Amino acid sequence: MESAGYLVNHIARLFAEGLRRRVEPLGIVPGQFPALLELWINDGQTQKQLVEKLDIEQATLANTLARMERDGLITRTEHPEDGRARIVRLTKKAKSIRDDAYSAAHETNTIAMSSLSAEEQKQFVDFMQRIIKVMRD
């Protein structure tokens, strides 16, 4: 198969499956990973801020956050100045798995890229970033 769209989709599924196997024992799933990454960097954001930074649909993030709250990974509290907004904060549980989750993602990437030289890995990432930029415009 030489279709770029098909291959990108197939690689994404394989990455997600590899990550899922590694983070499932931590009590998380790949769909939660982007929100966790952002909150590990900057905890205490509003849902609107997360939507903008993660570039995902509001409804998708709302469902993800509901599951994360149910699973004890986040809390959502009222914003002190905006009654419509809620502040999303990590729980101790989510903070405690950070290093293991980073390791799982790193291991997944290392395995996936292992057949490429260091220069090819840089090129591959550059190509993907360029394609993403073009597709967003």
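Helix axes are here lines fitted to C-alpha atoms over the stretch in contact, and the angles between them run from 0 to 180 degrees between N-to-C directions. With that convention, the axes of helix α3 (residues 47–54) and helix α4 (residues 58–70) come within 10 Å and cross at roughly 120°. The model described in this report is a predicted one.

**Overall architecture**

The protein contains seven helices and three strands. In sequence order these elements follow the pattern α-α-β-α-α-β-β-α-α-α. The C-alpha trace spans about 50 × 35 × 25 Å along its principal axes. Of the 137 residues, 27% are buried. The accessible surface amounts to about 9,400 Å², and carbon and sulfur atoms account for 54% of that area. Among contacts between residues at least 6 apart in sequence, 50% join residues at least 24 apart.

**Helix packing**

Two packed helices are described by the angle between their axes and the distance between the axes.

| Helix pair | Axes come within | Crossing angle |
|---|---|---|
| α1 and α6 | 9 Å | roughly 140° |
| α2 and α6 | 12 Å | roughly 130° |
| α3 and α4 | 10 Å | roughly 120° |

The pair α3 and α4 crosses in the right-handed sense. On the α3 side the contact is made by Q47, L50, V51 and L54, and on the α4 side by Q58, L61, A62 and L65. By class, this contact comprises six nonpolar and two polar residues, with no charged residue.

Helix α6 covers residues 98–113, and its axis crosses that of α1 at roughly 140°. Because an angle over 145 degrees would be needed for a roughly antiparallel description, α1 is classed as oblique to α6. The crossing of α1 and α6 is right-handed. Helix α1 contributes F15, G18, L19, R22 and V23 to the contact, while α6 contributes A104, A105, E107, T108, N109, I111 and A112. These residues divide into seven nonpolar, three polar and two charged.

The axes of α2 and α6 cross at roughly 130°, which makes α2 oblique to α6 as well. Here the crossing is left-handed. Residues F33, L37, W40 and I41 of α2 meet R98, A101, Y102 and A105 of α6. The contact of α2 with α6 has seven nonpolar residues and one charged residue, and no polar ones.

**Two individual residues**

How far apart are A112 and G18 in sequence and in space? They are separated by 94 residues along the chain, yet their C-alpha atoms lie 8.9 Å apart. With a relative accessible area of 39%, A112 is partly exposed, since that class lies between the 20% limit for buried and the 50% limit for exposed residues.

Q32 is located in the loop between α1 (4–23) and α2 (33–41). Is Q32 buried or exposed? Its relative accessibility is 1%, so Q32 counts as buried, the cut-off for that class being under 20%. Leaving aside residues up to four places away in sequence, Q32 touches G27, T64, R67, M68, D71 and L73. Of these partners, T64, R67 and M68 fall within the range of helix α4, residues 58–70.

Conventions:
Residues numbered from 1 in each chain as written. Predicted model: local features only at pLDDT ≥ 70, side-chain atom pairs only at ≥ 80, totals over all residues. Heavy atoms only, no water. Helix = DSSP H or I, 4+ residues; strand = E, 2+ residues; numbered from the N terminus. Buried < 20%, exposed > 50% of the residue type's maximum accessible area, 1.4 Å probe, protein only. Contact = heavy atoms within 4.5 Å. Parallel < 35°, antiparallel > 145°, perpendicular 65-115°, else oblique. Left-handed = near helix turned anticlockwise from the far one by under 90°. Nonpolar A, V, L, I, M, F, W, Y, C, P; charged D, E, K, R; others polar. Areas by Shrake-Rupley, 256 points an atom, 1.4 Å probe, with all protein chains shown as cover.
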